[in-house]
Amino acid sequence: MNVSLPFEGIGASVRRKEDLRFLSGRGQYVDDIDRPGQTYAHILRSPHAHARLARIDTASARAMPGVRAVFTGADLDAENIGGIPCGWQIHNKDGTPMAEPPHPVLAVEKVRHVGDPVAVVIAETKAQARDAAEAIEVEYEPLPAVATSEAAVAAGAPQVHTGGPGNLCYDWHIGDKAAMDAAFARAAKVVRFETTNNRLVPNAMEPRAAIGEFDTTSGDYTLYTTSQNPHVIRLLMGAFVLHIPEAKLRVVAPDVGGGFGSKIYHYAEEAIVTWASAKVRRPVKWTADRTEAFMSDAHGRDHVSTAELALDADGKILALRVHTLANMGAYLSTFAPCVPTYLYATLLSGTYQIPVIYAEVKAVFTNTVPVDAYRGAGRPEATYLLERLMDVAAAETGLDRVELRRRNLIQPDQFPYQTPVALQYDSGNYQATLDQAIEASGYHGFEQRRAEAKARGKLRGIGVSTYLEACGIAPSAVVGSLGARAGLYEVGTIRVHPTGSVTVLTGAHSHGQGHETTFAQLVADKLGVPLSQVDVVHGDTAKVPFGMGTYGSRSLAVGGSAMMKAMDKIIAKGKRIAAHLMEAAVEDVEFERGTFRVAGTDRTKSLTEVSLAAYVPHNYPIDEIEPGLDETAFYDPKNFTYPGGCHIAEVEIDPDTGHVDVVNFTAVDDVGRVINPMIVEGQVQGGVAQGIGQALLENAVYDAEGQLVSGSFMDYTMPRAGDLPSVGVATHTTLCTHNPLGVKGCGEVGAIGSPPAVINAVVDALRDYGVKHVEMPATPAKIWQIIHGGHRMAAE
Amino acid sequence: MPQVTLTVNGTAHTVEVENRTLLVDLLREKLRLTGTHVGCDTSQCGACVVHVDGESVKACTMLALQAQGSQVTTIEGLAAADGTLHPMQEAFREYHALQCGFCTPGMVMSAIDLVKKHPNGMSEREIREGLEGNLCRCTGYHNIVKAIAAAAEVMQGRRSELARAAE
């Protein structure tokens with residue numbers, strides 16, 4: 001039987017299944033959910049970066065109209081509610097574990113950052129809860145604060161936590177220091193570069209929200225939350241914070257309006273509404289406003305680094321030395337410790353053959369919002385450092401920027417390639433992506449465009465960045481040995497229903513990635529079921545067996561692989577059923593696109609006939625095969641996946657204003673096999689927008705006292721349509737060698753390759769001004785000062 | 001409590017509100033039209049854009065009482081009764097101009113007003129500048145700009161049906 005269907009499988013730019021509900025206002029985000037009898041929580045937050053809580057008086061607030069309860073840290077303490085746990089433990093150079101100070105759900109004794117939650121009011125309406133929170137009297141005794149990582153390690157710095165000296169969380173290293181020293185000793189040239197990777201606020205457009213509901217009959221709890229990984233929230237909150245058995249706790253993450261990392265973590269508000277719902281015996285809803293989001297969502301980046309590159313006389317890299325100071329904020333967020341270590345220092349080889357790498361990372365506490373993974377997480381920081389360093393090295397050695405890169409790229413025949421910093425890249429072709437980007441960007445015709453721009457009074461520059469990232473997180477045994485307190489496999493269930501439609505249950509979570517479409521395409525491709533007959537279910541612990549969620553570009557590489565494994569089981573079982581139905585030997589049954597066939601014959605059974613037989617087992621080997629056609633698989637990846645590529649930015653600067661206009665942007669990415677090209681392009685374009693935002697616009701600024709100065713969309717410059725160019729996206733595929741789909745991941749690549757490409761272009765445009773570097777964000781004020789004589793100040 | 005009478009998506013409503021109630025809260029909480037979203041508290045993001053008497057308005061910046069007697073259209077009121085999408089909705093789907101969908105209702109409502117205000121079409125630059133009041137964190141705007149240009153062709157009669165996006 002040859003069914004003619006529109007091509008909906010792997011490689012088709014199928015339009016998204018989820019779009020209709022979003023486009024007609026029928027999305028179901030957490031704040032769109034109202035539960036019967038719902039009350040509202042408002043959280044009172046610290047206005048101080050660091051203060052002792054001398055006294056909290058809630059009596060007036062309790063007496064306000066509509067108030068059902070007011071809780072403080074003391075109330076949680078009285079019930080032995082645990083602190084927020086950290087999911088990753090790093091060890092110091094000397095083998096001792098990192099400092100892991102308590103992270104109370106509501107502050108006790110001290111507040112440690114602006115926005116630290118102090119008390120919660122539960123009231124009948126949102127406005128009543130807010131009004132009552134203003135009536136809580138808190139006596140703060142302000143303490144000196146540290147707002148930056150450099151201030152945190154200064155002699156005599158105020159201590160965020162009692163315990164370890166110097167606000168140190170950990171002092172970690174990787175690589176061979178002796179070999180590094182030897183390599184530097186014989187270097188013909190050493191190039192040094194210092195930089196700050198600017199602190200960012202993820203700012204998913206949907207602010208976080210949570211609804212806790214306690215069923216007074218069953219004793220069950222339900223938490224609706226804006227999360228990228230509901231099962232992990234259930235595990236962390238149930239086991240470590242509220243001590244609720246998992247069987248009594250359901251976590252639902254419905255439609256979620258963007259995450260970019262910021263919705264991975266377990267946040268205090270989730271525990272507060274869940275716990276409080278049992279206290280007031282009513283559902284409790286909390287929705288952040290944007291101001292709260294700025295001071296309570298985990299921030300990203302915030303590294304201060306020094307890098308040195310040792311080169312031989314031919315421009316071949318001998319060694320790389322890196323020292324990084326990473327800001328953890330006031331408390332350890334769920335994955336914070338692994339970001340500047342195993343997601344950063346292990347990536348410092350980039351696309352290059354670097355025989356020796358040694359990196360030291362000190363992570364410190366400050367009186368700021370916790371810092372954790374944000375789109376790319378460590379990999380943008382590593383790529384930025386290395387790719388800016390390559391441009392600095394080119395300038396100092398007089399070698400062409402592209403030529404210097406070419407001399408050092410890992411060659412296509414060197415895979416699998418073992419770096420000196422733990423990772424083994426399985427596949428890639430960095431020459432090809434570089435060549436393709438050079439071609440697509442018109443790189444060789446650039447000087448003409450520069451001259452033409454100059455004639456118009458504009459400064460034009462071009463910047464190249466290659467990149468490599470590790471994603472598809474992650475082999476459980478490997479990450480376990482590196483300090484992860486979880487395994488990072490994924491779960492997929494394929495449920496073929498009696499009449500042949502399919503439900504896919506996945507532990508991955510979609511919050512913009514289009515999983516409902518991409519995952520359905522896998523089923524359409526492998527089982528031959530029309531896309532319209534495939535439904536993808538995610539984000540509900542009551543429906544999906546388990547899962548580790550979505551981050552680190554893992555959903556397809558790990559979650560999709562679990563589905564493929566589950567479909568293999570479906571096909572294997574289906575063959576046994578089909579063999580019975582066709583009175584053939586199992587070994588003789590083949591399966592292709594929805595049809596079981598006895599090899600070499602025209603005897604066939606469709607998947608639908610087989611599934612019906614499985615559920616209505618009248619003619620069925622019931623003693624040999626269990627009824628039903630529903631299989632679950634756990635997939636634990638064998639290695640990380642390694643997307644790589646090349647981004648080229650072309651900018652034009654208006655010397656009168658210092659404004660940088662990105663006029664062309666070319667991305668050539670190797671993301672492995674592409675399931676839906678339309679979605680992949682969209683992911684890259686979105687990532688590039690965030691990367692350009694980091695390079696030119698965005699900056700989370702704290703003043704010396706620890707006040708967040710850029711705490712709203714009035715002050716924190718989000719990229720708008722007019723700030724961005726059209727982004728030319730192309731792919732060059734080498735397949736991942738160790739997962740069944742050959743996929744690598746595409747969610748983060750855009751944000752990784754773009755910041756250094758843009759800054760390399762900005763520095764190139766300013767080459768006549770003797771500028772070696774411009775720190776991110778390259779704002780008009782900085783550029784104007786460079787052009788108009790203040791460049792020493794601005795560049796330093 | 002004061003009352004406000006207004007027409008939303010063709011249906012007349014009389015609703016009790018507080019003086020301080022915002023139009024967006026009336027729509028979301030009183031009428032349960034949750035397609036209109038709230039993404040900020042400084043009138044910057046545009047997730048809450050609706051049409052009031054034919055003009056795009058940030059519903060977080062208008063008191064419910066100010067909408068007395070007005071005709072309000074929200075994202076829920078755009079499609080035809082038989083479910084046929086508005087050309088702008090269709091273009092957003094065709095051009096993959098949405099990812100998480102959160103900014104989408106406001107973006108679509110702003111885009112429709114933008115097209116109406118430029119009867120002779122717009123350049124890419126004009127579309128980008130015209131979206132100044134709407135933030136999207138997912139798409140980088142690339143496909144939103146394309147979708148608006150394609151929808152304008154249909155809305156303004158220069159094409160009878162939506163141009164397909166490149167495969």
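## Helix H7 of chain A and what follows it

H7(A) is followed by His243(A), whose phi is positive, near 55 degrees. This is a predicted model. The helix itself spans residues 230-241 of chain A, and ten of its twelve residues are buried, so H7(A) is largely enclosed by the rest of the structure.

Which residues of H7(A) are buried? They are Pro230(A), His231(A), Val232(A), Ile233(A), Arg234(A), Leu235(A), Leu236(A), Met237(A), Gly238(A) and Val241(A).

## Helix H1 of chain B

Chain B has an enclosed helix too. H1(B) covers residues 23-30, and six of its eight residues are buried, so H1(B) is largely enclosed by the rest of the structure. The buried residues are Leu23(B), Val24(B), Asp25(B), Leu26(B), Leu27(B) and Arg28(B). They pack against three strands of chain B: E1 (3-8), E2 (11-16) and E3 (49-52).

After H1(B) comes Arg32(B). Its phi is positive, near 60 degrees.

## The nonpolar core

The largest nonpolar core holds 315 residues. Ala41(A), Val121(A), Val758(A) and Val762(A) have the most contacts inside it. Helix H16(A) gives the most to this core, with twelve residues. In soluble globular proteins, nonpolar side chains tend to be buried together.

Take Val762(A) as an example. Leaving out residues up to four places away in sequence, Val762(A) touches Gly461(A), Val651(A), Val660(A), Val774(A) and Ala778(A).

## H15 and H16 of chain A

H16(A), residues 555-581, also packs with H15(A), residues 515-527. The angle is about 35 degrees, and the axes are 11 Å apart. Is the crossing right-handed or left-handed? It is right-handed.

On the H15(A) side, the contact uses His515(A), Thr518(A), Phe519(A), Leu522(A), Lys526(A) and Leu527(A). They meet Ser555(A), Leu556(A), Gly560(A), Met563(A), Met564(A) and Met567(A) of H16(A). By class, the contact has seven nonpolar, four polar and one charged.

## H10 and H11 of chain A

H10(A), residues 379-397, packs with H11(A), residues 401-408. The angle is about 115 degrees, with the axes 9 Å apart. That makes H10(A) roughly perpendicular to H11(A). Their crossing is right-handed.

Met390(A), Asp391(A), Ala393(A) and Ala394(A) of H10(A) meet Arg401(A), Leu404(A) and Arg405(A) of H11(A). Four of these contact residues are nonpolar, three are charged and none is polar.

## H2 and H3 of chain B

In chain B, H2(B) (residues 87-94) packs with H3(B) (residues 104-117). What is the angle between them? It is about 125 degrees, and the axes lie 10 Å apart. That makes H2(B) oblique to H3(B). The crossing is right-handed.

H2(B) brings Met88(B), Gln89(B) and Phe92(B) to the contact, while H3(B) brings Thr104(B), Val108(B), Ala111(B) and Ile112(B). Five of the contact residues are nonpolar, two are polar and none is charged.

## A buried loop residue

Thr641(A) sits in a loop of chain A, between strand E25 (630-635) and strand E26 (644-654).

Some of its surroundings come from elsewhere in the sequence. The C-alpha atoms of Thr641(A) and Val743(A) are separated by 7.9 Å, though the two are 102 residues apart along the chain. Not counting residues up to four places away in sequence, Thr641(A) touches Cys471(A), Gly472(A), Ala557(A), Gly672(A), Cys736(A), Asn739(A), Lys744(A) and Gly745(A).

## Where the chains meet

How many residues does each chain give to the contact? Chain A gives 43 and chain B gives 45. On the chain A side, the elements giving two or more residues are helices H1 (19-23), H9 (290-296) and H18 (677-697). H18(A) supplies the largest share of that side, seven residues. By class, the chain A side has 17 nonpolar, 16 polar and ten charged residues.

Note on methods
Residues numbered from 1 in each chain as written. Chains lettered and ligands numbered in written order. Predicted model: local features only at pLDDT ≥ 70, side-chain atom pairs only at ≥ 80, totals over all residues. Axes fitted to C-alpha atoms, helices over the stretch in contact; angles between N-to-C directions. Helix = DSSP H or I, 4+ residues; strand = E, 2+ residues; numbered from the N terminus. Parallel < 35°, antiparallel > 145°, perpendicular 65-115°, else oblique. Left-handed = near helix turned anticlockwise from the far one by under 90°. Contact = placed C-beta atoms within 7 Å. Nonpolar A, V, L, I, M, F, W, Y, C, P; charged D, E, K, R; others polar. Core = buried A, V, L, I, M, F, W, Y, C linked by C-beta atoms within 7 Å. Buried ≥ 20, exposed ≤ 12 C-beta atoms within 10 Å, placed from the backbone.
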